[in-house]
Amino acid sequence: MFLNEVESKKMLKAAGIAVADTQLATSEEEAIALSKKVGFPVVLKIVSPDVVHKSDAGGVKVGLKTSAQVSKAYQEIISSVNQKCPGAHILGIAVQHMAPSGTEIIIGMTRDSQFGATLMFGLGGIFVELLKDVSFRVTPVSPKDAADMIREIKGYKMLTGFRGQPPVDIPALENMLVKVSQFIEANPQIKELDLNPVFAYTQGATAVDARINIDEKPPVAKTAVNYQTLGKINSLFYPESVAVAGASNNPTSRGYDFMQHLINFGYKGKIYPINLKSPEVMGIKAYPTLDSIPGNVDHVIYCIGLENMPAFLDSCVKKGVKTIHAFSARGAETGRSDAKELEASIQKKVKEYGIRLLGPNCMGVYCPESGFSFCADFPTDKGSVGAIIQSGGSSTDITRYGALRGLRFSKLLSYGNAIDITEMDLLKYMCDDPETKVIIAFIEGLRGNGRDFLDLVRQTTAKKPFIVCKGGLSTAGARATMSHTASLAGSSMVWNTAIRQAGGIPVRDIDDLINVATAFNFIPPIKGKRLGTGGSGGGRNTVSVDEWETNGFEIVPLPQSIREEFKKRGAMLWDCLDNPADRSITVPGDAFTVPALLLEMAKDPNYDFICANIAADDHPYNRETFVEWIASNVEGYIKLHKESPKPFFTIFSERPLGTPEMDHWFWRECAKLRTRLNDEKVPVFPSVDKAAEAIKELIWYYKYKGSLKT
Ligand code: ADP
Ligand code: MG
């Protein structure tokens with residue numbers, strides 16, 4: 001139900017939000033009388049529950065200076081509305097004093113389906129309609145959030161007195177945002193709100209139009225999450241014994257795969273194959289049922305028909321099973337109602353029995369430390385990235401492509417339909433897990449309450465970085481609604497904002513997930529944006545400088561003291577040295593090498609971090625010369641990585657290879673070098689742009705984390 005402008009403003013005014021006073025006239029005479037009372041010039045506007053966009057219906061007349069003009073405007077508004085919105089129920093005409101013109105601002109609120117009340121700020125008029133230059137925050141909005149929201153929009157400069165325009169009262173706008181946030185928190189029945197426009201002045205700000213949409217059924221209070229049973233999911237990763245339901249000697253079956261992975265990845269606990277017919281599977285004694293297994297069973301990998309699961313759960317509870325990974329699919333994802341009912345009955349049973357279930361419809365757990373995997377060729381060594389991945393396919397992607405960048409995992413799971421263990425349980429686990437230093441996630445749909453999720457993200461990011469990619473954001477945003485705010489709050493914008501507010505890093509896709517994780521996994525905190533770089537020849541160096549600068553980084557010129565140092569060392573071209581370091585001016589046997597120069601920059605207080613462009617592909621050499629030359633370069637960078645007092649990483653360009661290239665000596669040498677860098681834990685990025693994006697996130701996160709302490 002929409003409140004009209006008069007009602008909306010009344011509510012806002014009572015909450016201490018500055019609005020242009022507005023009164024309702026139900027006759028022409030009353031309009032004239034009210035105009036005299038509020039003082040000319042005045043503005044007349046239609047008041048009708050059926051007219052949402054008043055101007056479009058010819059329902060707004062501004063700058064009325066006399067009673068005669070008011071009379072005429074009154075009649076024109078009525079006739080225009082009757083014509084443009086036939087049958088509209090007209091309550092009257094709102095009369096207000098014409099506010100002096102100011103910079104037009106929009107402030108609005110919409111309730112996001114996941115995160116609830118979300119505040120929006122932007123420049124009004126064409127800026128909001130055409131350029132969508134707005135910022136969002138999930139409420140409550142703190143004074144700091146409000147300050148950031150205003151500074152975040154691209155048009156912020158317009159507010160600070162751009163090209164002779166008077167600057168606007170930014171503290172007044174900050175105050176208005178905080179007050180609107182408080183107003184929304186206090187009124188959960190408000191579904192949407194638009195203050196459009198707010199006029200911002202050199203002193204103060206006033207909303208001249210206001211629209212509130214009330215929900216007849218206010219949202220139910222959020223349900224508290226129960227973390228008490230979280231300890232139990234430990235047996236997903238470290239069970240003392242595992243039963244494989246559906247274990248098989250048939251190499252085309254999943255039960256075969258899971259058995260093989262347990263054996264090949266070196267799982268140390270007891271393995272109990274369950275198979276109705278075979279007395280053994282892969283040389284291990286098998287049992288026809290769970291009940292017939294003699295010892296304890298901590299964890300079950302379930303790969304038989306989902307329809308058998310309810311009965312199977314009864315034997316699990318008797319056996320004291322703690323966790324189950326339900327690989328089996330054909331549950332709710334099929335859309336079939338009987339499959340949904342089946343899932344619901346499984347869900348009910350596991351909750352009742354206190355068994356924690358992963359899936360169904362998921363690949364399950366990869367935990368190299370305990371010898372768990374769901375794929376034959378995953379690395380067997382452990383790392384410190386924890387990955388929470390809803391989709392099975394993406395979990396394989398992430399492991400494979402991550403491995404190419406030298407990433408290794410503490411734990412990685414695909415969690416599928418999430419009928420019991422959700423992203424909440426897994427994030428909480430990774431947050432508390434000492435083996436996990438960086439958390440990445442790919443989430444298709446939150447199972448938990450959005451606000452609870454944000455609380456948990458906030459808790460997590462106070463300890464370690466959390467990088468998340470959300471699938472399905474583009475479709476959710478396309479909602480047709482009454483307010484600007486709701487239509488601009490495309491779900492990806494709100495998601496990104498909400499995650500950032502909680503200290504998390506939202507990324508676009510799987511590649512970025514890996515790219516940003518690479519930075520956090522290998523690079524210590526970087527404090528500023530000043531870099532020393534180099535490594536390729538002139539052209540590529542120049543382009544890389546452009547790319548760094550476009551991304552907001554600063555290539556600090558080489559201090560003369562460093563040149564003098566190389567002169568002292570006897571470098572031939574000491575006076576030509578600069579930042580970026582130019583590889584093409586190296587002379588064999590000379591004191592100047594790119595790694596040597598980068599090391600001096602690393603020691604200099606003018607630089608925050610160092611990046612070497614390996615540029616292996618940029619050379620004219622034959623095989624022997626190339627191998628010798630590039631190997632000495634790469635070894636130089638590995639040494640630099642060990643000695644550098646500042647964060648250091650490399651760029652090694654990646655190109656898709658066809659089969660002839662894969663067999664060509666050159667590309668094989670490149671691949672070897674990349675592996676060498678990975679083995680030495682030297683971070684490698686595929687391009688300057690990708691490195692810059694990741695480093696920006698690194699700087700952002702440590703700044704955020706630092707700000708928590710103050
Ligand atoms: P709607 O958004 O429904 O079309 P508004 O109430 O926002 O109607 O009015 C349209 C425009 O008229 C506003 O963008 C603003 O520029 C101007 N306006 C409205 N009310 C006033 C006022 N009290 N003083 C000055 N200008 C106003
Ligand atoms: Mg308006």
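Q: How many helices and strands does the chain have?
A: The chain has 25 helices and 29 strands, taken as DSSP runs (helices H or I, at least four residues; strands E, at least two) numbered from the N terminus. This is a predicted model, where local features need pLDDT of at least 70, side-chain atom pairs count only at pLDDT 80 or more, and totals for chains, interfaces and linings use all residues. Residues are numbered from 1 along each chain as its sequence is written, and side-chain values use heavy atoms, without hydrogens and water.

Q: What share of the residues is buried?
A: Of the 710 residues in the chain, 54% are buried, meaning under 20% relative accessible area with a 1.4 Å probe, protein chains only.

Q: And what does the C-alpha trace span?
A: About 95 × 80 × 50 Å along its principal axes.

Q: Now the sheet. What is the strand order in the open sheet of 5 strands?
A: The order is β13-β12-β16-β17-β18, with parallel pairing. Two strands count as paired if DSSP finds at least two bridges between them.

Q: Which strands stand at the edges?
A: β13 (270–274) and β18 (356–358); each has a single partner strand, so one side of each lacks a neighbour in the sheet.

Q: How many bridges join β17 and β18?
A: β17 (residues 323–326) pairs with β18 over 3 bridges, in the parallel sense. Within that pair, Ile-324 is opposite Leu-357 of β18.

Q: Which helix packs on the sheet?
A: Helix α9 (residues 254–264), which touches β12 (241–245), β13, β16 (299–302) and β17. Contact here means heavy atoms within 4.5 Å.

Notes:
Chains lettered and ligands numbered in written order. Buried < 20%, exposed > 50% of the residue type's maximum accessible area, 1.4 Å probe, protein only. Axes fitted to C-alpha atoms, helices over the stretch in contact; angles between N-to-C directions.
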